[in-house]
Amino acid sequence: TNFRHAFTEGRDEAAWLRFLYDKTRKKSNDGPEMPDYETFIKNKVLAFPVPAEAMVMLKDFREDPARFPLSTPSGRIEIFSDTIADFDLESQSGHPVWCAPTEWLGAEKAQFYPLHLVTHQPARRLHSQLDQSRHSRAGKLHGREPCLMNSQDGKSRGIADGDLIRIYNGRGSCISAAKLSEDVLRGAVMMATGAWYDPDWENDPTCCKHGNANVLTADLPTSELAQGPGALTCLVQIEKLLGEAPYVTAFVPPRIEPDKPS
């Protein structure tokens with residue numbers, strides 16, 4: 001039952017930082033010289049020297065295209081792709097074209113949901129991992145994932161910095177807290193991904209009490225060809241939350257029922 005020593009290998013946090021730094025330093029023989037750990041901690045920054053010769057994109061190809069061809073079918077830079085054109089996809093013509101996103105501020109739906117939601121990677125966790133940690137939870141407002149929005153967008157909605165807000169569209173909604181700033185463009189709002197999903201089962205199952213943006217984004221690919229996640233094409237509306245906010249239960253462990261006798 002005691003795995004502490006096997007898990008930590010006898011190192012505390014400071015020892016692990018030193019161990020990982022020294023391991024990286026030993027492996028950087030081909031790269032810039034790294035100072036010892038004590039010097040790194042003292043200087044608080046690791047500045048690598050700028051190479052004397054600037055890197056040139058496709059340098060060998062530019063100097064001798066015949067000898068150093070690219071990995072394209074023609075060996076050259078291709079603006080038109082016969083391969084992609086032969087897929088006969090509706091939105092992929094074989095050359096770069098403008099394809100309007102499903103949801104953007106130029107779409108008809110923007111008259112109902114006039115804010116473009118941009119979701120980004122969180123600074124205090126990896127995706128949703130360790131969201132229950134003190135470090136991740138210290139970055140929340142009122143125990144919820146905050147939403148960064150332009151001060152004028154907040155003012156026009158009667159929203160002050162730190163107010164609890166409801167973000168919604170036709171797919172769902174979530175409870176968040178406003179962080180007003182001039183650093184975000186008017187008409188756009190920003191939220192980190194990865195807040196643990198916490199639906200309001202009692203009042204509205206489509207609402208996440210904790211601020212998980214997945215209830216707002218559409219489940220669609222970036223294109224017929226790429227099939228990447230298209231979460232950044234998302235329009236929303238925001239209003240100040242009126243009344244009492246539902247209690248966040250994302251980190252409340254499930255109740256364990258005792259085994260019933262057979």
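Predicted model: local features only at pLDDT ≥ 70, side-chain atom pairs only at ≥ 80, totals over all residues.

Guide: The largest nonpolar core has 18 residues, and among them Leu117, Ile167, Val189, Leu216, Val236 and Ile238 touch the most other members. Several strands contribute: β1 (115–120), β2 (146–150), β3 (164–168), β4 (173–181), β5 and β8 (235–240) each supply at least two residues of this core. Beyond its neighbours within four places in sequence, Ile238 is in contact with Leu115, Cys147, Met149, Arg157, Ile159, Ile165, Arg166, Ile167, Tyr168 and Val189. As general background, nonpolar side chains tend to be buried together in soluble globular proteins.

Now follow the chain out of β5 (188–192): the loop between this strand and β6 (199–200) holds Asp198. Asp198 has a relative accessible area of 4%, under the 20% limit, so it counts as buried. A polar atom of the Asp198 side chain lies 2.6 Å from the backbone nitrogen of Thr249. Not counting residues up to four places away in sequence, Asp198 touches Cys207, Cys208, Lys209 and His210, and also Tyr247, Val248, Thr249 and Ala250.

For a contrast, turn to the surface, where Met57, Leu58 and Ile77 form a nonpolar patch with about 320 Å² of accessible area together. Leu58 sits in the loop between α3 (37–43) and α4 (59–63). With a relative accessible area of 36%, Leu58 is partly exposed, whereas Asp198 is buried.

Terms used:
Residues numbered from 1 in each chain as written. Heavy atoms only, no water. Helix = DSSP H or I, 4+ residues; strand = E, 2+ residues; numbered from the N terminus. Buried < 20%, exposed > 50% of the residue type's maximum accessible area, 1.4 Å probe, protein only. Polar contact = N/O pair within 3.5 Å; in protein donor to acceptor, adjacent residues only side chain to side chain. Contact = heavy atoms within 4.5 Å. Patch = residues over 30% accessible without salt bridge, like charges linked within 9 Å, V, L, I, M, F, W, Y side chains within 5 Å. Areas by Shrake-Rupley, 256 points an atom, 1.4 Å probe, with all protein chains shown as cover. Salt bridge = Lys/Arg side-chain N within 4 Å of Asp/Glu carboxyl O. Core = buried A, V, L, I, M, F, W, Y, C linked by side-chain atoms within 4.5 Å.
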